[in-house]
Amino acid sequence: MTPENSSLSKLSQIEITKRRKLPIAIMLVVLAITYVFIPILFFLNDPDEAVSVKNYLAYFTNENAVISFVIGLIGVYFAASTFHYLHVPRQVDFYESQPITRKSRFNSLVLNNLVSFVVPYVIFVFLGLVITATTGVNLIANGQVWGSTLAYVVVFTAFYAITSLAMLVTGNTAIAMLGTIFFVTLEWIIMLVVNSFYSEFTFTGGSTAHTWTAFTNPWSQCFSSGSQPSYRGIAVNLLITLVYLLLAYYAYQHRKNELAGTAIIYEWIKRAVKVVVVLLASTIGAVMVYSMTNNSVIGGVLGAIIVGFLMAFILEIIFKFDIIAWKNHFAESAILVVLGIGVFLGLRYGGHQYDTWVPSEDQLASVALATSEGSYSNYYLGNKETDAESYAKVYMKLSASSQLLALAKKSAENTIVERNDYDSYHSGSEMLSFIYRLKNGKTRVRSYYVKRSDLKTYFEGVSQTAAFKKGFFPIYHDAAIQNNLDSVTFSYRNGEQTIQRQNGQLYQEFKQAYLTDLKQWDYNLASTKKPIGQVDVSWQQNGKKRKVSYPVYASYTKTVSFLKKNKLYSSKALSVNKQNPIEFYLNQDY
């Protein structure tokens, strides 16, 4: 029997703590290693103060995933050790025979666990900061450190609450641990299924991960803002703590003592768990086999049947702790597998609808285009580096012309053909993202393999418009350069020679010349002519080197004159092996 749970109404919190020596002792050892011994062993000998500050911040803040993981496990262990007695019939009979209300027992245990962790944890964090302060790096008053400390505290409380609920709806500690894993990972698994729709069933969804910060996973919330403490994540984890503790309290109040030792004490929870797990398992099984069998529908159906029934049989065995029980509720298992097959087929049909959808001209407010496989240059939104698609979303607003929509429809058809036919994959095509801005305020993105012949027919006119150029060439929106003119360096290279000059005062003259020459740029020029060189404009920003590249064609007379005037031009001819043709997007290294 565990002594910590006896006669709680007659014991003070100090006495309860004395009876919880083992879990508290283990926690104190872990905290001592984390916040005393590791700083002494690894940080005190750091000779570089700047490196020390960086290392200390990384260790004491949200950047340290190991600490968050360990603290989560402490929360799990505290809850499991606290309510383990409920899974042992003899202990349950002993404690329930005492004249103590369940409400009093529950509140006392929860309060003791939270105080037993929070107080020592804050003390050890402070000790660790005092140790680091002896090196000259004083972070005791650092808000980021204490914000992260608060984030770690609510990681503990959230995991404690989740595991408490798992312990109180089950009759076996091993099953409760599986329940904790279920609660913590369920949203991640749903996210996996959502991502499989875009990765396995759509050809135009692009490579962007369709994820979100899992609300039900305390670790995700802790790291939702990188190294900075996420106060939204702290609030969510506090909400998780409150909701799961209230559910745990309700489960405890209605728990039947005679069910100690069983897998799950509520029949409706067994059925709900089976529905969720088998449905997800059959769907994931279908997706996996579908992908492994070269998009075979029959393969996907077989995958759903095998994985779905296997998971259903395993659950029934676990529910009864009896291998013979695998066949229990067979009809229910079959229905769930069929539903999983239905989800799989629905995903496949939805993928086809997703790929073939092109909005009508009446639905569109504007369109933007972005090269997805490799842009010729870096892009910046203000001072922040970004990609071609994000840049186009902000700065490119093309009218929804019939030519543009015809290109989209043909490209959607071509993408499906190319993705289904490995031999023609990428043959004679370029990747192009269409960003549809709808009149209802929503934005939809599709990435197509566009035939070069279709680009010539439908895109030539679009490429000549100022609206396209302003969302494609970064020289139109150059705040990052304008804000750092004192560190600007020009480099002109033509594959044989590089000439470099550091002179930010030349930038305005270069910009004016290049913007004049860009008026002649269009798809025909980019796809049929080779540049004679490239201008790289680089600068320093927040201690990092940034760069934007501009191709120079023979017809760019204003730019060539600028280069010659400022002794940046090289007339050496490009060697044949360095003359790479620019098909659609402009290549940075040629």
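Two strands pair if DSSP finds at least two bridges between them. Helices (H or I, at least four residues) and strands (E, at least two) are DSSP runs, numbered from the N terminus. This is a predicted model, in which local features need pLDDT of at least 70, side-chain atom pairs count only at pLDDT 80 or more, and totals for chains, interfaces and linings use all residues. Residues are numbered from 1 along each chain as its sequence is written, and side-chain values use heavy atoms, with hydrogens and water left out.

**View 1. Here is an open sheet of three strands, in the order β1-β4-β5 with antiparallel pairing.** β1 (364-371) and β5 (443-451) stand at the edges with a single partner strand each, so one side of each has no neighbour in the sheet. From one strand to the next, the twist averages 25° (axes are lines fitted to C-alpha atoms, for helices over the stretch in contact, and angles run from 0 to 180 degrees between N-to-C directions).

**View 2. Now look at how β1 meets β4 (residues 429-438): they pair in the antiparallel sense over seven bridges.** Thr 371 has Leu 432 in β4 as its bridge partner. Helix α14 (residues 388-395) packs on the sheet and touches β1, β4 and β5, where touching, or contact, means heavy atoms within 4.5 Å. The direction of α14 makes about 35° with that of β4.

View 3. Lys 270 is buried, with a relative accessible area of 9% (buried means under 20%, exposed over 50%, partly exposed in between, with a 1.4 Å probe and protein chains only). Leaving aside neighbours within four places in sequence, Lys 270 is in contact with Ile 264 and Phe 319.
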